[in-house]
Amino acid sequence: MPQKHKICFVIQIKCVLLQCFSNVLKMDYYFRVADQVLRDALEASGAVIIEGPKWSGKTTTARQQAASVLELQDPDTRDAFLATAATKPSLLLEGATPRLIDEWQVAPVLWDAVRVAVDRREDLGQFILTGSNSVDKSQIMHSGTGRIASLKMYTMSLYESRESNGAISLANLFEDANANIDGVTSPMKVEDLIFAACRGGWPASLKPQKKSVQLQTAKNYFNSLCKNDISSIDGVSRSESTARAILKAYARNSSTLAKKTSLLADVVANNESLSMPTFDDYLTVFQRLFVIEDMEAWSPAIRSATSIRSSVKREFTDPSIAVSALGLTPEMLHLDLKTFGFLFETMCFRDLRVYSQSLGGRLSYYHDRYGLEADAVLHLDNGKFALIECKLGSREIDEGAQHLLEICRLIREHNQKPQQVPIREPDLLMVLTGGPMAYTRQDGVKIVPLATLKP
């Protein structure tokens with residue numbers, strides 16, 4: 001049998017096997033917020049690209065709605081696919097739609113091929129592209145605007161991992177300021193939240209029954225990231241020890257406004273010689289691999305421009321990455337709740353990013369030189385926004401609520417000045433907590449345990 005016929009036969013067998021196992025996979029599938037977002041995007045666009053961290057479940061989620069699959073990283077067919085991509089990439093797009101092109105960045109030419117195919121077919125929901133790193137834009141000719149919609153996928157939120165009971169809907173809180181949440185209880189104690197942060201939201205970590213095995217997934221991800229992914233992303237050799245040192249410094253400054261010079265000084269102080277250009281290169285790689293996702297500042301005109309902090313807040317896409325970088329364990333965090341408080345913030349931000357996907361939301365933060373802050377500001381596409389504080393324990397709740405109320409007061413005061421452009425008042429004031437029970441304070445601030453929240 002000629003070699004090309006053998007390759008075609010292998011491909012056909014694999015497609016049959018994938019189809020046979022698809023129903024089994026769907027039976028054991030954990031619902032993701034991205035499911036409906038992807039469904040809507042396919043109804044509105046010719047193609048959708050799903051990007052996010054490795055092991056976050058992009059391919060599994062895409063398979064739920066794909067009618068055919070092209071796996072570019074399959075070693076049995078990779079060379080044949082790449083050869084075809086180099087000569088006539090349109091051949092790889094043939095198949096039932098939506099057609100999933102997994103890890104498309106292996107052959108960047110497919111981006112332009114998809115764009116052209118969408119134009120020619122003049123139909124919606126044709127392709128789903130998945131990728132674990134953002135490709136160098138110089139390798140593609142067209143942005144895909146208007147043809148290829150973008151969907152960002154994160155690791156699993158507590159609601160998606162079936163740990164949050166979802167008794168309180170974020171959408172409902174935005175719709176009804178008087179929503180009754182009093183008495184709703186959290187199914188997770190602080191020790192459960194600690195374990196969830198250490199384990200992370202990696203789908204593979206939910207399958208094993210033993211907790212020690214569940215914790216290993218995040219460690220394996222971190223080790224693979226530092227050893228392989230930082231170099232394989234673009235073929236540039238990078239140091240594993242340097243990657244570990246930078247992520248450790250980042251983890252020590254997680255949920256803070258640390259400047260790059262401070263982070264670099266932290267790395268150098270730990271005996272890792274490094275220049276700023278090299279440091280910037282590593283940070284760019286971590287961003288392209290969706291390891292870090294810093295939070296931009298919200299700068300309303302309620303203070304002078306010089307008094308509002310404008311630097312980014314340092315954040316990981318999943319708290320377990322910081323845990324792995326620092327070499328922490330659940331037992332260690334039980335004795336260091338101050339450190340866990342920062343990790344709890346990261347977990348809150350991850351879940352808010354996930355939940356806000358279906359609401360069309362984005363996150364920022366507010367902090368001024370007077371110490372007034374909101375850990376997160378959640379903006380929706382319809383103009384509504386929420387001021388949010390993240391407080392692990394009950395003793396910090398009052399301080400967090402007072403911060404939110406003071407920002408509201410400043411907005412009202414600003415709006416009373418006729419020469420000023422009015423600023424919309426927040427539609428929701430909320431303190432996310434690790435406490436046991438939800439309630440509404442007399443001043444209207446909602447106190448919501450993280451493990452009771454859903455989109």
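Let's start with Glu122. Is Glu122 buried or exposed? Exposed, with a relative accessible area of 72%. Glu122 sits in the loop between helix H5, residues 109-121, and strand E4, residues 127-131. Its phi is positive, about 50°, and it is not a glycine. Keep in mind that this is a predicted model.

Arg162 goes with it. Arg162 also has a positive phi, about 65°, and is not a glycine. Its loop runs between strand E5, residues 148-152, and strand E6, residues 168-169. Arg162 counts as exposed, because its relative accessible area of 54% is over the 50% cut-off. In general, most residues other than glycine have a negative phi, and most peptide bonds are trans.

Where is the cis one? Between Thr97 and Pro98, with omega about 0°. Pro98 is in the loop between helix H4, residues 78-87, and strand E3, residues 99-102.

Now to Arg99, in strand E3. Arg99 is buried, at a relative accessible area of 9%. What does Arg99 touch, leaving aside neighbours within four places in sequence? Its contacts include Ser68, Val69 and Leu70. Leu92, Leu93 and Glu94 are in contact with Arg99 too. For scale, take Gly201. It is 102 residues from Arg99 in sequence, and 27 Å away in space, C-alpha to C-alpha.

Next, the sheet that holds E3. It is an open sheet of five strands, in the order E2-E3-E4-E1-E5, with parallel pairing. Which strands stand at the edges? Strand E2, residues 68-71, and E5. Each has a single partner strand, so one side of each is left without a neighbour in the sheet. From one strand to the next, the twist averages 20°.

Look at strand E1, residues 47-51. E1 and E4 pair in the parallel sense over five bridges. Val48 has Ile128 as its bridge partner in E4. Then there is H5, which packs on this sheet and touches E1, E2, E3, E4 and E5. The direction of H5 makes about 165° with that of E4.

The Thr61 side chain makes a polar contact of 2.9 Å with the side chain of Tyr29. Beyond four places in sequence, Thr61 touches Tyr29, Arg32, Asp35, Leu38 and Met153.

How many strands form it? Six, in an open sheet with the order E7-E8-E9-E10-E12-E11. Here the pairing is mixed. Strand E7, residues 361-367, and strand E11, residues 439-440, stand at the edges. Each of the two has a single partner strand, so one side is left without a neighbour in the sheet.

Inside that sheet, E8 and E9 run antiparallel, joined by four bridges. E8 covers residues 373-380, and E9 covers 385-391. Leu378 stands opposite Ala386 in E9. Helix H15, residues 397-415, packs on the sheet. H15 touches E7, E8, E9, E10, E11 and E12. Its direction makes about 155° with that of E9.

On to the cores. Nonpolar side chains tend to be buried together in soluble globular proteins. In this model, the largest nonpolar core has 80 residues. Which residues have the most contacts inside it? Phe286, Val291 and Phe340. Helix H14, residues 337-357, gives the most to this core, with nine residues. Follow Phe340 out, setting aside residues up to four places away in sequence. Phe340 touches Leu193, Ile194, Ala197, Leu333, Met347 and Leu392. Apart from that core lies another, of 21 residues, among them Ile302, Tyr366, Ile411 and Val445.

Last, confidence. The chain averages a pLDDT of 91, and 91% of the residues score at least 70. Where does pLDDT fall below 50? One stretch is residues 3-12, with six contacts in the model beyond near neighbours in sequence. Over residues 14-25, pLDDT also stays under 50, and the model has four contacts there beyond four places in sequence. Where pLDDT is low, the predicted coordinates should not be read in detail.

Definitions and conventions
Residues numbered from 1 in each chain as written. Heavy atoms only, no water. Core = buried A, V, L, I, M, F, W, Y, C linked by side-chain atoms within 4.5 Å. Buried < 20%, exposed > 50% of the residue type's maximum accessible area, 1.4 Å probe, protein only. Contact = heavy atoms within 4.5 Å. Polar contact = N/O pair within 3.5 Å; in protein donor to acceptor, adjacent residues only side chain to side chain. pLDDT = per-residue confidence, 0-100. Pairing = 2+ DSSP bridges. Axes fitted to C-alpha atoms, helices over the stretch in contact; angles between N-to-C directions.
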